[in-house]
Amino acid sequence: MFNPIWKLKQYFLTFTRRLGYFYRFFLVGVLTNSLVSASIASQPLPPQTHMACQLSVEASQQKESLRIAALSGNREAQNRYKSLVAENARQLQECRGQNWPRNQAIWLRLYPCDLRPGGLSEIMDRIVDKGYNQVYVEVFYDAQVLLPQAENNTPWQSVVKSPGLERADLLAQAIQTGRDRGLKVYAWLFTMNFGYAYAQRPDRQSVLARNGLGQDNLAALYNAAADEEVAKGDDAKAFIDPYNLQAREDYNKLVQAVVKRKPDGVLFDYVRYPRSTGEASVATKVQELWLYSEATQQVLYQRAMNNKGLALIRRFLNQGYITVGDLAEVDAMYPEEGEPLWQGRNPDLSKNLLALQERQPILQQELWELSVAHAAQGVLDFLASAKSPAQQQGIPTGAVFFPGGNRAVGQGGYDSRIQPWDRFPSSMEWHPMVYKACNDTSCILEDLQRVISLAPSGTQIRPALAGDWGRSVSNRPPLEVQMQAIRQFAPQIDTVSHFAFSWQEPELDRERKFCQIK
């Protein structure tokens, strides 16, 4: 709900001005840091044949043989396997406590086939064997939720839909199976991306975010594949209006069901608007912002503090600009009022005497800044609402974001994702996706440096890397090279995650994805 005490002026100082002169200043720092990063990246790295806390191939094979034998009913194998799992959990905890990073996580998507006997055990064993002590399990994606059908009161379908498995709780089982092996298991959820199937519901059309042409992102000039630097297999993204109360109610039901299963943390991804293509990837006009759904407009109008302010906000939103004639008409309509006012605007009264021609560009720029700040505040408000159920249960939360999602671009433009991550609560974990591909680690370190420079003191920064051990993937160095560069550049960081399990185990991932549950 809109809070009339909310102060937009402070947000302007941290969002619009910071994205103005601050980033012009910051470019100098980036160029300097680029040289430092390039120097680090160019230093020869010592060969690493065994990464910290990974089990040997022989030890992994021995455990896998015991797991298979235990499934066949061999009582001795069952006891030996159980003891070995507990011993590996103890060893992992001890090893990670003595090696950098203290926490090493991996991103994981589960499938219905993982409900097969021993399926989750095989996955979690492989994760432990690779030296990971945290796993981020994808719980909400592609308009599907990892909740049992019998307990799913959300507007999204359950991932497991097979007859006879209506009560199968894949999320709860994954949490327990991971914990048995010393893993912390986080729930990872899409946030403002509700998925294609949700967008097709006749009763949810008012929930979707819309641009100045009245289009949702599925109808707009929007390339889903280009929206992410790393494809996550979710081509049908559908973004919602963060001010819409129905959207918040639907999402809160989901988060409440997730925290009921007591994960070790909850991570919120897609905390932003969609990224448009081509020139539209930089928003320079109000019609390119996702401000045209009913709830967003109503809250924006409520930010007006007098009739003149409201009239100009309406005209700017409808036309994309205001004219000298608009100012004259509004002055004539409300002669008893002084300057047009809206939240965050403290006009320089000495400029009241300026001619209309001089006032027009000033007011138009301030209306543009109001519009961008309003869009950004919607993201922040939705995140605050989304994390509330987890926060009430004392479960840690984190936000996943692109370091470039909050950039000012050119003269008055902004990255169309309008992702104000530098205003995310510092009490949350920050998970920047440093996924850039430039054949070395320089661009990764530049993005990480940007996050470090903008994070409040004490913020837990937990970068997410993309790639695989021992080989380059899509112009990204092997994970061990990326990890060593981060350790040299920012040794204070003690948690790093890797996208994704499917990249490291492609054969197993394909088999799990397409198998039939017997």
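**Entry 1: S8 and its neighbours**

I began with strand S8, which is joined to strand S11 (residues 429-432) by four bridges, the two running parallel. Strands here are DSSP runs of E with at least two residues, helices are runs of H or I with at least four residues, and both are numbered from the N terminus. Two strands pair if DSSP finds at least two bridges between them. Across from Val-400 I found His-431 in S11.

A note on what I am reading: this is a predicted model, where local features need pLDDT of at least 70, side-chain atom pairs count only at pLDDT 80 or more, and totals for chains, interfaces and linings use all residues. Residues are numbered from 1 along each chain as its sequence is written, and side-chain values use heavy atoms, with hydrogens and water left out.

Next I looked at the other partner: strand S6 (residues 265-269) connects to S8 through three bridges and runs parallel to S8. There, Leu-267 stands opposite Gly-398.

Is S8 buried or exposed? Five of the five residues of S8 (residues 397-401) are buried, so the strand is largely enclosed by the rest of the structure. Buried means under 20% relative accessible area, exposed means over 50%, and partly exposed is in between (1.4 Å probe, protein chains only). I checked both faces: Thr-397, Ala-399 and Phe-401 are buried on one side, Gly-398 and Val-400 on the other.

**Entry 2: the nonpolar cores**

I then looked up the largest nonpolar core, which has 121 residues. A nonpolar core is a set of buried Ala, Val, Leu, Ile, Met, Phe, Trp, Tyr and Cys residues joined through side-chain atoms within 4.5 Å. Ile-127, Leu-189, Tyr-251 and Phe-424 have the most contacts inside this core. The helix that gives the most to this core is H12 (residues 356-392), with 13 residues.

What does Phe-424 touch? Leaving aside residues up to four places away in sequence, I listed Val-271, Val-379, Leu-380, Leu-383, Ala-399, Phe-401, Gln-419 and Trp-430. Contact means heavy atoms within 4.5 Å. Ala-399 and Phe-401, both on that list, are buried residues on one side of S8.

Another core, of 16 residues, lies apart from the largest one and includes Tyr-186, Trp-188, Ala-466 and Phe-499.

**Entry 3: H5 and its surroundings**

I turned to helix H5 (residues 119-129), whose axis comes within 11 Å of that of helix H3 (residues 57-71), crossing at roughly 165°. This makes H3 roughly antiparallel to H5. For the record, axes are lines fitted to C-alpha atoms, for helices over the stretch in contact, and angles run from 0 to 180 degrees between N-to-C directions. Angles under 35 degrees count as roughly parallel, over 145 as roughly antiparallel, 65 to 115 as roughly perpendicular and the rest as oblique. On the H3 side I noted Ser-60, Lys-63, Glu-64 and Arg-67 in the contact, and on the H5 side Ser-121, Glu-122, Asp-125, Val-128 and Asp-129.

With 10 of its 11 residues buried, H5 is largely enclosed by the rest of the structure. Among those buried are Glu-122, Asp-125 and Ile-127. Just after H5, Gly-131 has a positive phi of about 90°.

Pro-117 sits in the loop between strand S1 (103-108) and H5. This proline is exposed, at a relative accessible area of 71%. Its C-alpha atom is 7.4 Å from that of Leu-71, although the two are 46 residues apart along the chain.

S1 is joined to strand S2 by four bridges, and these strands run parallel. Trp-107 stands opposite Tyr-136 in S2. In S2 (residues 134-141), eight of the eight residues are buried.

Ile-444, Leu-445, Leu-448 and Gln-449 of H13 meet Gln-482, Ala-485, Ile-486 and Phe-489 of H14.

Ala-408 has Tyr-414 in S10 as its bridge partner.

**Entry 4: whole chain**
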